[in-house]
Amino acid sequence: MATVELSLKLQASSGSKIKDFLNANLINILAAFLFLLLAFFLLYPIIAVLLKSFRGPSGFTLQYYQNFFSKNYYYQSLYNTLLLGVINTVVCLVIGFCLAYMTTRGPWILRKPLKIISLVPLIAPPYLFALSLIILFGRNGLITKMFDLHWQLYGFGGVVISQTLAFIPLAYMMIENTLMSLNPNLEESAYDMGASEATILRTITIPLLAPGLLKAALLIFVMTIAEFGNAAILGGRTPFLAPDTYTMITGESDFNMGSVLSVVMIAPCILIFFIHNYLLEGKQFTTIGGKPVASEPRKITPLIQVPFMIITTVAAGAIFVCFAVVFAASFYKILGVTHNIVLSNYLDFTSNQAIYNSIRVSFVAAVIGAIIGVLLAYVIVRGKFFGRTFIEMVSLSGFALPGTVLGIGYLLAFSAPPLKLTGGIMILALNCVFRFLAVGVEAGISKLHQIHIEIEEASADLGASFLTTFYKIVLPIMFPAFIAGFIYTFMTAIVSLSAVVFLVSPGFDLAAVKIFDAAVYGEIGIASATTMKLVLIVMICMLILNFISNKTRLGSSMKKSAAV
Amino acid sequence: MKRKLIAFVVAAIFSVLLAGSAMAEEINAYMGTSPDNNAKIAQFIKDKTGITVNQTFQSFGEIEARMKAEAPNFNADMTIGCGSSTGFLAKKSGWTVPYVSPAWKGVPEVFLDPQGNWYNFSNFSFVLVGNKDRLAKAGYAMPTSWKDLLDPKWKGEILMPSPLSSGTANQMRFSFLALYGDDEGWKFLEALDKNIAYYTRSGNAPTDLVGRGEFMLGLTSDENVKKRLDDGYPLIWTIPKEGTGYDGTFALILKGTKKLDACKKIIDLLGTPEFSELMAAIGYVTPRPAPNALYGKTLPKYIKLDLGKASDDKAKNNDIWKQKLRTDFK
């Protein structure tokens with residue numbers, strides 16, 4: 001037997017030897033290449049931040065950390081940030097769960113409108129809510145004036161409210177996705193056997209949801225403490241780590257202290273990331289396979305329905321009002337002072353340019369991100385090399401990295417030759433690619449787990465080369481994951497502020513930064529109008545994407561992908 | 001087939017977006033005046049020289065930080081509008097391309113560096129603004145002395161920019177320290193802090209926030225006050241009897257620029273009487289005498305300042321600031 005094989009091999013020409021080698025090892029070469037990319041664009045910037053926090057003018061020093069922990073100012077900032085993160089996560093989960101429950105289990109008539117309202121804020125910058133809170137509840141706000149109230153919006157309370165409203169959609173989206181993929185049969189049989197709604201919730205729905213909830217919690221916590229728009233606009237005197245880091249870098253230009261603040265901010269995130277991974281070890285009982293099934297509305301007992309309805313109505317109402325208010329404000333030259341309606345806020349040319357830039361960056365990031373995501377998923381699932389889990393961990397760690405940190409990391413790592421990337425579109429796009437990579441990778445992994453490797457093996461046995469197999473078999477399977485990565489990256493990149501704000505350069509402003517500047521500056525009209533234009537344009541982009549993917553008969557996977 | 005078509009379309013869009021568009025003569029600049037004024041200056045340069053200025057709006061403090069971070073590989077060709085501290089620092093660190101402009105002949109020495117490292121195209125001060133409507137409703141008069149601001153009746157009603165992020169605010173802080181001396185100065189700032197609602201990020205922000213009635217009083221940069229008055233904001237402004245501090249608005253050519261000729265043309269333009277008229281019409285005090293829109297003929301009373309020291313002491317003062325002043329703790 002062995003001799004036959006040997007002679008066969010000997011007969012083969014040298015050209016096919018290379019081919020064989022490639023077929024056998026291409027996946028490893030690909031993995032090595034992807035790992036280099038990850039190391040360069042994800043690990044290196046973070047290491048640069050870490051190094052900077054320890055490197056004083058005369059070598060290694062702990063002085064900056066000592067500074068941090070010995071001064072009241074920073075300590076308060078850390079405490080406020082963690083408190084904000086915890087409160088926000090809990091509130092967002094509760095509201096997100098209620099919303100998701102109503103849109104998947106509630107009355108038919110409510111499902112669609114609730115879903116739309118819950119998802120629309122995803123395409124607006126998170127600090128839209130700070131704007132609308134100022135318009136309504138500011139010291140000269142509509143409601144404040146109407147009832148002659150005396151409250152303090154600028155502080156911890158204001159930040160909690162705006163940040164909660166901003167991250168409800170994320171919570172909703174993630175919980176809804178897990179709820180959709182839960183097989184409703186379990187709950188329905190429990191219901192048929194006479195279990196009360198509360199019992200079903202307690203013993204079936206929530207335990208099955210646990211992994212999804214945990215993941216949502218992780219993501220919300222990280223996003224909340226990193227996204228600094230609301231805290232910077234409404235924080236007043238209350239210090240938070242993310243805006244402090246921003247001021248430290250952009251105002252005081254103290255990169256050492258800025259790095260220390262970043263490291264302190266990363267620490268809880270990484271911790272939670274590991275806890276999350278540990279808890280989920282071997283607990284992947286969410287049903288991935290099969291199509292999501294919409295469950296028939298059951299009769300929900302008032303005891304559950306009433307509080308759920310109240311929470312849902314309040315949350316959806318608040319989101320709706322905030323959007324309406326910003327829309328209205330975009331037509332006023334000076335809100336609260338003059339009362340004639342103008343269009344001048346919309347005709348601001350510089351904001352149009354910024355929006356165009358944002359779309360460019362997001363599109364480029366989405367294409368690159370989706371491709372890398374799919375390839376990574378493939379090598380993680382199908383590869384058999386050492387360090388596979390490490391690559392998986394690194395590529396999923398984007399979930400746990402505050403954007404601010406990656407922004408500073410890129411600034412530190414890529415602002416001097418030979419690696420000078422700052423001052424252009426590529427650094428912004430690459431930053432978005434590697435921050436939001438996790439979604440594409442995860443979607444790809446779950447897709448690949450559904451398809452048995454035998455199909456690929458069969459193809460290889462029939463003589464197809466690795467590339468042919470990849471092109472003809474793997475790519476079509478992975479296409480929905482590609483779309484998922486594409487949409488998520490596109491949507492998140494276009495409204496995200498926390499990292500790109502460090503990387504914009506003259507002549508290349510982004511819409512999110514532009515809106516933030518206008519809001520901080522107090523130009524509510526311009527900020528509102530730019531937000532509205534951005535929302536409209538992103539909506540159009542999403543509709544086009546939706547149209548394309550429907551045309552290519554990917555409708556169902558698309559819906560799923562949007563919610564990964 | 002369909003997939004190929006999509007791939008092709010995506011690739012096409014991708015390359016178009018990545019390529020961007022290159023136009024005739026353009027430079028990148030860091031500009032630190034307000035967005036409105038940045039646009040006005042850029043438009044003026046475009047009209048007179050045909051050069052397009054790409055700019056991002058940043059505060060003086062942010063521009064200095066960014067230049068420090070990027071030096072010596074700047075992402076811009078020029079800085080048009082930064083504080084004196086940035087100008088001195090740039091000269092000291094050798095970040096500039098010296099150019100002695102013939103167009104600036106006859107301008108007083110405070111407005112330019114003899115070696116041509118920086119040009120100060122306009123001075124600005126900080127003023128006290130109040131919201132007319134809110135003041136009338138409360139029955140309060142505008143304060144006439146800085147010390148009046150310490151009255152507890154203003155508690156939570158005064159805004160001031162944060163020196164951590166705003167160069168204007170650094171100038172305010174330094175002016176009070178110069179006016180009252182270090183010890184008394186810090187005592188004044190601490191007492192003032194009790195009445196301050198919060199510290200804004202940008203030096204102009206109090207003008208807009210007080211103008212919209214969010215707060216009654218604001219210590220703010222004077223650069224936007226005229227514009228906001230014209231826009232119809234119910235504002236009233238004053239300079240208390242002790243006087244006010246000031247800072248320059250500097251222009252520099254940054255090392256490494258590949259468009260030196262365009263930069264020189266712009267520096268020349270900034271020295272013309274026409275440009276001074278433009279800036280004076282906004283409310284700036286300019287290198288060439290021009291009718292001032294905000295102050296008229298009598299220029300404000302200035303507190304005696306050492307701008308070099310203001311720039312040197314900044315880090316030290318920031319540190320004291322963080323230790324002394326109150327932050328909210330939940």
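How far apart do the C-alpha centres of domain 1 of chain B and domain 2 of chain B lie? They lie 26 Å apart.

This is a predicted model, in which local features need pLDDT of at least 70, side-chain atom pairs count only at pLDDT 80 or more, and totals for chains, interfaces and linings use all residues. Residues are numbered from 1 along each chain as its sequence is written, while chains are lettered from A and ligands numbered from 1 in the order in which they are written.

1. Domains of chain B. Domain 1 takes 25–123 + 247–282, and domain 2 takes 125–246 + 302–324; such bounds come from an automatic or database domain assignment. Where the two meet, 17 residues of domain 1 of chain B are in contact with 19 residues of domain 2 of chain B (in contact: C-beta atoms, placed from the backbone, within 7 Å). On the domain 1 side, helices H2 (35–49), H3 (60–70) and H4 (84–93) of chain B each give two or more residues. Helices (H or I, at least four residues) and strands (E, at least two) are DSSP runs, numbered from the N terminus. That side divides into 4 nonpolar, 9 polar and 4 charged residues. Here Ala, Val, Leu, Ile, Met, Phe, Trp, Tyr, Cys and Pro count as nonpolar, Asp, Glu, Lys and Arg as charged, and the others, Gly among them, as polar.

2. Chain B as a whole. Chain B has 13 helices and 9 strands. Its radius of gyration is 22 Å, close to the 20 Å that the globule rule gives for 330 residues, so chain B is as compact as a globular protein of that length (radius taken over C-alpha atoms; the rule is 2.2 Å times the number of residues to the power 0.38). Buried residues make up 48% of the 330 residues in chain B. A residue is buried if 20 or more other C-beta atoms lie within 10 Å of its own, exposed if 12 or fewer, and partly exposed in between, with C-beta atoms placed from the backbone.

3. Helix H6 of chain B. The 14 residues of H6(B) (167–180) should span 20 Å at 1.5 Å a residue, and the end C-alpha atoms are 20 Å apart, which agrees; the expected span is 1.5 Å times one less than the number of residues. Of these 14 residues, 11 are buried, so H6(B) is largely enclosed by the rest of the structure. Among the buried ones are Asn170(B), Arg173(B) and Phe174(B). Just after the helix, Gly181(B) takes a positive phi of about 85°.

4. Contact between the chains. Chain A gives 52 residues to the contact and chain B gives 50. Helices H4 (72–105), H12 (241–250), H15 (349–382) and H22 (511–521) of chain A each supply at least two residues of the chain A side. By class, that side has 23 nonpolar, 20 polar and 9 charged residues.

5. Nonpolar cores. The largest nonpolar core has 219 residues, and Leu131(A) and Val500(A) are among those that touch the most other members. A core is a set of buried Ala, Val, Leu, Ile, Met, Phe, Trp, Tyr and Cys residues joined through C-beta atoms within 7 Å. H15(A) gives the most to this core, with 19 residues. Apart from this core lies another, of 42 residues, including Met31(B) and Tyr119(B).

6. Ile524 of chain A. Ile524(A) belongs to helix H23 (524–551) of chain A and is buried, with 26 other C-beta atoms within 10 Å. Leaving aside neighbours within four places in sequence, the contacts of Ile524(A) include Leu131(A) and Ala329(A).
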